Amino acid sequence: MTALDTLRGKYIEAISSAADEAALEEVRLAALGKKGEISLKMRELGQMSPEERQTTGAALNRLRDEIDASLRARKQGLADAALDARLKTEWLDVTLPSRPRRAGTIHPVSQVMAELTAIFADMGFAVAEGPQVESDWFNFDALNIPPEHPARQEHDTFFMARAEGDDRPPHVLRTHTSPVQIRAMQAQGAPIRVIAPGRVYRMDMDQTHTPMFHQVEGLAIDRDISMANLKWVLEEFCRAFFEVPSVELRFRASHFPFTEPSAEVDIRCSWEGGQLRIGEGDGWLEILGSGMVHPKVLAAAGVNPDEWQGFAFGMGIDRIAMLKYGIPDLRAFFESDLRWLRHYGFAALDMPDLAGGLSR
């Protein structure tokens with residue numbers, strides 16, 4: 001038996017006998033450390049003749065690789081044994097029910113906004129967006145709202161402060177999403193068919209009003225659009241949104257600066273046992289305002305009113321959400337918790353898709 005065979009047997013036995021990783025590390029240092037036996041023998045190769053160096057060097061390399069492989073295998077074995085011992089003392093009963101997790105839910109306003117977007121998308125309306133802080137021109141002037149209009153007074157509108165000496169017209173928190181219609185017409189021209197859902201701001205606060213609420217406005221511009229087209233669009237929307245086979249709408253003459261003629265729209269309904277029923281009964285409930293786009297509004301948006309005409313409408317998203325889901329107080333939208341949401345039928349993460357169904 002050669003000296004290398006003796007060295008091999010010594011360290012293979014020491015590796016097998018190592019009881020833990022600390023003992024195994026001591027064996028590694030004794031064999032392969034900087035001052036280990038095998039490392040020192042590798043240094044002696046420089047003193048040998050070329051023939052001896054070739055033979056002894058190859059044998060030492062094989063020995064070093066074998067010892068290193070044995071060390072790795074023993075280390076893995078010790079780790080596996082430690083894991084087995086731990087698993088015998090730690091166990092998990094997978095038959096037990098899981099810990100309860102709090103479920104999230106989509107907010108009613110967001111759900112209703114997605115519902116109406118899907119409905120209008122089926123009728124060819126795209127979604128348009130705009131800034132919530134608007135210039136005086138986009139929010140009022142372009143929409144044919146004169147300076148003496150109540151909406152331009154500070155008790156109705158949130159005006160942004162200007163620095164002293166800045167005489168430019170003030171910016172406002174938009175009071176409606178109608179400015180988006182102006183921006184859309186400026187960007188796309190005519191024909192156009194868009195809805196503009198989003199947040200708006202007015203200085204109101206009671207059971208049916210909040211300083212921040214949500215509106216959706218619709219706009220359709222083409223060469224031969226009439227009030228009849230408007231009536232059909234609103235009927236189709238109400239039928240799909242309120243999930244009733246038929247609806248009856250009543251148009252009442254009204255006045256809005258940005259439409260001419262203008263009409264308030266009521267929907268036939270009834271109250272039975274304190275519950276609102278849409279599409280039946282002898283009562284009427286106002287749900288939105290509408291009309292044919294005023295020629296001055298078209299001109300302000302860069303659309304020739306001698307060639308194009310169209311209709312516009314606007315409704316409160318919070319309001320129609322209250323009507324559909326029987327929510328009595330608008331302020332509840334901002335003071336809700338999961339129990340309240342579940343009470344009104346809003347399940348966790350139910351989202352309407354463009355096909356009219358619900359997806360998770």
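Angles under 35 degrees count as roughly parallel, over 145 as roughly antiparallel, 65 to 115 as roughly perpendicular and the rest as oblique. The model is predicted, and its local features need pLDDT of at least 70, side-chain atom pairs pLDDT 80 or more, while totals for chains, interfaces and linings use all residues. Residues are numbered from 1 along each chain as its sequence is written, and side-chain values use heavy atoms, without hydrogens and water.

**Exercise 1.** State how helix α1 and helix α4 are oriented to each other.

Solution.
- Helix α1 and helix α4 (residues 50–89) have axes that come within 10 Å and cross at roughly 5°.
- Therefore α1 and α4 are roughly parallel to each other.

**Exercise 2.** State how helix α1 and helix α2 are oriented to each other.

Solution.
- Helix α1 spans residues 3–17 and helix α2 residues 21–32; they pack at an angle of about 165°, with axes 9 Å apart.
- Therefore α1 and α2 are roughly antiparallel to each other.
- In α1, Tyr11, Ala14 and Ile15 meet Leu24, Val27, Ala30 and Ala31 in α2, where contact means heavy atoms within 4.5 Å.

**Exercise 3.** Decide whether Ser262 is buried or exposed, and find its polar partners.

Solution.
- Ser262 is found in strand β7 (residues 259–272).
- Buried means under 20% relative accessible area, exposed over 50%, partly exposed in between (1.4 Å probe, protein chains only).
- Ser262 has 6% relative accessibility, so Ser262 counts as buried.
- The Ser262 side chain reaches the backbone nitrogen of Phe256 at 3.2 Å.
- The side chains of Ser262 and Thr259 make a polar contact at 2.5 Å (a pair of N or O atoms within 3.5 Å; within protein, one must be able to donate a hydrogen and the other to accept it, and residues adjacent in sequence count only if both atoms are side-chain atoms).

Terms used
Axes fitted to C-alpha atoms, helices over the stretch in contact; angles between N-to-C directions. Helix = DSSP H or I, 4+ residues; strand = E, 2+ residues; numbered from the N terminus.
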